[in-house]
Amino acid sequence: MLTECRAAEGNLGGDFFAFRLHGPQRLAVVIGDACGRGKEGASLLPGVLSHIEELVVSPVRPSHLLQNLNRGLIGHLPSDRFVTGAAFEIDGEAGTLTVANAAHVPALLRRASGEVRIVGRASGPPLGILEDSRYFDETCEFRSGDVMVLMTDGILEAVETDLQGMPTLTALVGQGVGSGSAVHRRLLAQLAAQPSNRDSDDMMLLSLELLAKARKSTLCGGIQAVA
């Protein structure tokens, strides 16, 4: 897993991710964006992250994780604030990826063959607004050599003009043959080439690759925000 975190203002921002291993080949990942740039978004994170830390301990389907997180945030966020987020479950043994999305940027999945598709479009509203919000799981194959790219809207808006079709990002992820780290570097190079924008949003980019051979993992369950 490769990550890049950038805050719009100083060292504080409202973008975050969390991950937890639930077995040698089973990984849960959550990525999200608290409403507001820089310190404004960061001020919401303590409550958000505490709820996520509780929820990722036990394995649960991504849709249920988002529904539980949404209920936990109701009444704990200011009335004019919300959180977008997406939850993923990677099952290396079954070769599957399951995702549920709460108004967040969808993921890009690059097959080992080079084919790229958008997965996990939003299936429900942002978190912390409606108590009875429901989210739905989307499952697809995730095999050896496949790469999944997750991001927040700061990345999307810095690179794309078509925010729905995501053609520039899709082309970058699919260019040539390369590992997950090569894909990650290519996206960072594209980001660096964009004109500087003082009003840019917080940014977070995660790239994950399923390796051909299972190796003993040194990952521990953890949680991280832009800081």
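Select helix H5 (residues 167-174) and helix H6 (residues 180-192) to start: their axes come within 9 Å and cross at roughly 140°, so H5 and H6 are oblique to each other. Oblique covers the angles left over when under 35 degrees counts as roughly parallel, over 145 as roughly antiparallel and 65 to 115 as roughly perpendicular. The axes are lines fitted to C-alpha atoms over the stretch in contact, and angles run from 0 to 180 degrees between N-to-C directions. Helices are DSSP runs of H or I with at least four residues, strands are runs of E with at least two, and both are numbered from the N terminus.

Before you go on, please keep in mind that this is a predicted model, in which local features need pLDDT of at least 70 and side-chain atom pairs count only at pLDDT 80 or more, while totals for chains, interfaces and linings use all residues. Residues are numbered from 1 along each chain as its sequence is written, and side-chain values use heavy atoms, with hydrogens and water left out.

Now show the side chains between the two helices. Thr168, Leu169, Leu172 and Val173 in H5 meet Val183, Arg186, Leu187 and Gln190 in H6, where contact means heavy atoms within 4.5 Å. By class, five of these residues are nonpolar, two polar and one charged. H5 and H6 make a right-handed crossing, that is, the near helix is turned clockwise from the far one by less than a right angle.

Next, select helix H2 (residues 45-55) with helix H3 (residues 62-73). Their axes lie 10 Å apart at an angle of about 140°, so H2 and H3 are also oblique to each other. On the H2 side, look for Gly47, Val48, His51, Ile52 and Leu55; they meet Leu65, Asn68, Leu69, Gly72 and Leu73 in H3. This contact has six nonpolar, four polar and no charged residues. The crossing of H2 and H3 is right-handed.

For a loop, click on Pro24, between strand S2 (15-23) and strand S3 (26-34). Is Pro24 buried or exposed? Pro24 is exposed, with a relative accessible area of 82%; exposed means over 50%, buried under 20% and partly exposed in between, with a 1.4 Å probe and protein chains only.

Finally, zoom out to the whole chain, which has six helices and 11 strands. Buried residues make up 48% of its 227 residues. Of the contacts with a separation of 6 or more, 70% join residues 24 or more positions apart.

How values were computed. Ala, Val, Leu, Ile, Met, Phe, Trp, Tyr, Cys and Pro count as nonpolar, Asp, Glu, Lys and Arg as charged, and the others, Gly among them, as polar.
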